[in-house]
Amino acid sequence: VYYFSPSGKKFRSKPQLARYLGNTVDLSSFDFRTGKMMPSKLQKNKQKLRNDSLNQNKGKPDLNTTLPIRQTASIFKQPVTKVTNHPNNKVKSDPQRVIEQPRQLFWEKRLQGLSASDVSEQIIKSMELPKGLQGVGPGSNDDTLLSAVASALHTSSAPISGQLSAAVEKNPAVWLNTSQPLCKAFIVTDEDIRKQEERVQQVRKKLEEALMADILSRATDAAEVDEVEMDNGKEA
């Protein structure tokens with residue numbers, strides 16, 4: 001079965017005819033083979049449209065009790081606060097849920113210019129860092145790196161490995177890992193551990209010698225005091 005338009009265009013199927021006529025004629029009840037409008041098809045289409053509209057309006061109940069998220073221009077999800085005035089209502093909290101606080105980029109630079117002093121207000125010489133530790137970021141120096149590593153060791157329970165991403169050197173403001181100090185990635189070798197153990201042994205030995213010298217000095221002072229008291233007693 002074919003149909004021809006007044007201009008001579010040939011239509012081989014009902015979809016072709018519908019595309020040609022557009023919205024000017026409703027062909028939903030048109031039978032392409034017989035060329036007649038079928039009232040039964042028209043009634044079925046109307047009933048189907050009516051049922052679809054009823055189903056859409058009916059919908060399903062929303063049983064989700066999660067608080068909605070604020071639609072604000074913020075990078076952090078901020079749930080809507082639920083306020084209840086009933087005295088018997090209790091707010092349940094999950095102690096296992098840990099909320100990670102955001103960290104400021106390059107916050108270690110706030111430690112620049114700070115140094116420790118002894119009781120005589122003399123500035124204590126800072127530690128010498130290994131050559132394998134190299135700073136990352138704008139204006140990085142040894143003092144900032146030392147403060148960053150010390151802060152990471154005291155405030156974080158995670159292992160300290162440095163900035164693992166190679167792109168952090170090109171653009172540290174984007175690729176910086178705030179949970180790690182401002183230093184390049186490093187590896188602690190067995191040789192480094194052995195050298196550190198030797199340093200600890202040397203410091204312990206010096207501390208032992210200093211304590212023994214202090215004990216001997218106190219004992220000598222006490223003996224001199226006893227001798228002076230004995231001499232004073234004899235003279236009396």
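This report looks at the salt bridges in the structure above.

The model is predicted, so local features need pLDDT of at least 70, side-chain atom pairs count only at pLDDT 80 or more, and totals for chains, interfaces and linings use all residues. Residues are numbered from 1 along each chain as its sequence is written, and side-chain values use heavy atoms, with hydrogens and water left out.

| Pair | Closest N to O distance |
|---|---|
| Arg194 and Glu191 | 2.2 Å |

Now to the helix. Helices (H or I, at least four residues) and strands (E, at least two) are DSSP runs, numbered from the N terminus. Helix α5 covers residues 190-235 and holds both Arg194 and Glu191, three residues apart, about one turn. Arg194 and Glu198 also lie in helix α5, four residues apart.

How open are these residues? Buried means under 20% relative accessible area, exposed over 50%, and partly exposed in between (1.4 Å probe, protein chains only). Arg194 is partly exposed at 37%, Glu191 is partly exposed at 36%, and Glu198 is partly exposed at 39%.

Arg218 and Asp214 sit four residues apart in helix α5, about one helical turn. Arg218 is exposed at 58%, whereas Asp214 is partly exposed at 36%. Shared partners, meanwhile, join Glu191, Arg194 and Glu198 into one network of salt bridges.

Terms used: Salt bridge = Lys/Arg side-chain N within 4 Å of Asp/Glu carboxyl O.
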